[in-house]
Amino acid sequence: MKKRPFLTEQKAREIARRYPTPFHIYDEAGIRKTARALRSAFSWNPGFREYFAVKATPNPFILRILKEEGCGADCSSDTELMLAKAVGFEGDEVMFSSNNTPAEDFARAQEMGALINLDDYTLIETLESACGVPQTVCCRFNPGGNFSIGNEIMDQPKDAKYGMTRAQLTQAYRLLMQKGARHFGLHAFLASNTLTNAYYPTLARILFKVAVELQRETGAHIGFINLSGGIGIAYRPSEQPNDIERIGEDVHRAFEEILVPAGMGDVAIYTELGRFMLGPHGALVTRASHEKHTYKEYIGVDACACNLIRPAMYGAYHHITVLGKEDAPLDHVYDVVGSLCENNDKFAIDRRLPRIDRGDLLYIHDTGAHGHSMGYNYNGKLRSAELLLCEDGSVKLIRRAETPADYFATLDFTGLRFE
Ligand SMILES: *Cc1c(COP(=O)(O)O)cnc(C)c1O
């Protein structure tokens, strides 16, 4: 399927006159549409709630849109909790799914009334001494081994640092009950960026069965099951996007087959999606600034891996559209590179693209999740602005670009003054 930008060349040029490239821009209409599609897919479950994974796009303006669409916030650190609080999320609108958790973070989460998801058995003690054990606690499961769907190995939970073993779950529920917990959640995240409609239903069957066992073994009341994140997006034009309606129906079937007969038909389903919610609704717009002809053909752009690390870190594919040349023949092969002194600073390698001229605007697709948020300052590079393309077509600056003063803000050294 051809990937279409949510910006025309004309609109992008108009924006770039006000806000210099590079910038990340998000599409409000698209974000709302996806949030509504997810809600509709799980509308069979009265307690359903998506807790947006804040780490994917930690911008309060984006979080506010999601809040308006009925989402909660999934946080994993003290600062993410502060951000959620500033947006107005409170109580059970906040999920605290952390790991290797500092005691102070538990205290903050508890103070906000957040739902606390424990990654490990030993964290029960940390939680108790930090702030006491709340009425409702969630535990994270790691089944070990390989996680496969049919014949395909999706990931290897045995090598993942997250979650408790099956035996530890039972122990944890028992100990938490002794310490006063009354309601329980169950959580697992077994594969990331999955492009199969079977991921959630397969995970749901595993968790539903374990929930029934735990309920029978311990007598605990299980209030919710959190399917966490992991639904992927079609980064490549050749990939088929997930069908969320179908995923919702298949989780529903598993629910009817496993939980309802066990008398657990009141369990709420929660999700903690990041990539699926925001990924396709953000783009990195950058300008072609240089060309270089050596052993390969290079196009240098004004963004670098500091603005989007996924290609450098994971070899991730991000589709590129040269704005204004959407339908031009792909008759050139380029490496599209940033300016870091790091040879992995490449947005594309051997990519077939139309002829690129200096000054062209390149639209790097699907940067709405784990894009700007994974930014960094290597080589003294500054992180870009974030913009919001509002539903009415106007553009709002939702995070300004960093300046040298920001870069030096944590230093106290005579001679460094940036007013
Ligand atoms: C990262 C993360 C998510 C979101 O993952 P996506 O791949 O963006 O859907 C959800 N829950 C937890 C605990 C995470 O660490």
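A pocket is an open set of grid points with protein on both sides within 12 Å along at least five of seven lines. In this predicted model, the largest pocket holds about 910 Å³ of space. Its lining comprises 35 residues, and those closest to the pocket centre are Lys55, Tyr162, Phe189, Ser192 and Arg275. By class, the lining of the largest pocket consists of 12 nonpolar, 15 polar and eight charged residues.

The shell around the ligand is made up of 14 residues, with Lys55, Gly230, Glu272, Arg275 and His370 the closest. Three residues of this shell are nonpolar, six are polar and five are charged.

Side-chain atoms of Lys55, His370 and Ser228 were examined for their distances to the ligand. For Lys55, a polar side-chain atom is placed 2.6 Å from a ligand oxygen atom. An N or O atom in the side chain of His370 lies 2.7 Å from an oxygen atom of the ligand. In the case of Ser228, an N or O atom of the side chain is 3.3 Å from a nitrogen atom of the ligand. The ligand taken alone exposes 390 Å², of which the protein buries 90%.

The second largest pocket contains about 730 Å³ of space. Of the 27 residues that line this pocket, Lys3, Pro241, Pro280, His281 and Asp366 lie nearest its centre. Helix H2 gives the most to the lining of the second largest pocket, contributing five residues. The lining of the second largest pocket divides into 13 nonpolar, six polar and eight charged residues.

One cavity of 30 Å³ or more was counted, and the largest cavity contains about 40 Å³ of space. The lining of the largest cavity is formed by Ala35, Leu38, Arg39, Phe48, Arg49, Glu50, Glu69, Gly70 and Cys71. Two elements, helix H2 (28-41) and strand E2 (49-53), each give two or more residues to this lining. H2 supplies the largest share of the lining of the largest cavity, with three residues. Four of the residues lining the largest cavity are nonpolar, one is polar and four are charged. Helix H2 therefore contributes to the lining of the largest cavity and to that of the second largest pocket.

Technical notes. Residues numbered from 1 in each chain as written. Predicted model: local features only at pLDDT ≥ 70, side-chain atom pairs only at ≥ 80, totals over all residues. Heavy atoms only, no water. Near = heavy atom within 4 Å. Polar contact = N/O pair within 3.5 Å; in protein donor to acceptor, adjacent residues only side chain to side chain. Areas by Shrake-Rupley, 256 points an atom, 1.4 Å probe, with all protein chains shown as cover. Nonpolar A, V, L, I, M, F, W, Y, C, P; charged D, E, K, R; others polar. 1 Å grid on protein atoms, 1.4 Å probe; cavity = no way out; pocket = protein on both sides within 12 Å on 5 of 7 lines; lining within 4 Å. Points joined across faces, edges and corners; volume = space filled by probe spheres on them. Helix = DSSP H or I, 4+ residues; strand = E, 2+ residues; numbered from the N terminus.
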